[in-house]
Amino acid sequence: MPYDEQLAARVRGLLQRKRGVTEKKMFGGLAFLLNGNMCVGVSRDELIVRIGPDAYEEALEAEHVRVFDFTGRPMRGWIVIDEAGLVQFAAVKNWTDRAFDFVKTLPKK
């Protein structure tokens, strides 16, 4: 299983009624885009969150959060929440909402 289907379903349920959201399989996982900009992604049992540069340092202080480093170069403004930090529905909602709120400020692609 390249990505956790249950986690993807939870994220999908949170984003399905929001305008401009699409899904796309990427890099062996599943990405959720808002107006063409990646918002969140599910890779294995982790959530990739586009938090933005202003909220980045604060987000890294949270438990179960680490830098997103997909290519060997950390991506500022992106974080990864591990499985232990996604047990509670409220946590998935919080991170998904924060990503959506940031990405909706970006220009459409």
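**Briefing: an antiparallel sheet and its packed helix**

Strands β1 and β2 run antiparallel and are joined by 6 bridges; two strands count as paired if DSSP finds at least two bridges between them. The model is predicted, so local features need pLDDT of at least 70, side-chain atom pairs count only at pLDDT 80 or more, and totals for chains, interfaces and linings use all residues. Residues are numbered from 1 along each chain as its sequence is written, and side-chain values use heavy atoms, leaving out hydrogens and water. Helices (H or I, at least four residues) and strands (E, at least two) are DSSP runs numbered from the N terminus.

**Sheet**
- The open sheet has 6 strands in the order β1-β2-β3-β4-β6-β5, with antiparallel pairing.
- Its edge strands, β1 (21–26) and β5 (65–67), each pair on one side only.
- Strand β4 (residues 46–50) is joined to β6 (residues 78–81) by 4 bridges, and Ile-48 stands opposite Val-80 in β6.

**Helix**
- Helix α1 (residues 5–15) packs on the sheet and touches β1, β2 (29–34), β3 (37–43) and β4, contact meaning heavy atoms within 4.5 Å.

**Strand β2**
- In β2, 6 of its 6 residues are buried, that is, under 20% relative accessible area (1.4 Å probe, protein chains only).
- Gly-29, Ala-31 and Leu-33 point one way, while Leu-30, Phe-32 and Leu-34 point the other way.
- Leu-30 is the bridge partner of Lys-25, and Leu-33 has Met-38 in β3 as its bridge partner.

**Hairpins**
- The hairpin of β1 and β2 has 2 residues between the strands, and Phe-27 takes a positive phi near 50°.
- In the hairpin of β2 and β3, with 2 residues between the strands, Asn-35 takes a positive phi near 50°.

Definitions and conventions: Axes are lines fitted to C-alpha atoms, for helices over the stretch in contact, and angles run from 0 to 180 degrees between N-to-C directions. Buried means under 20% relative accessible area, exposed over 50%, partly exposed in between (1.4 Å probe, protein chains only).
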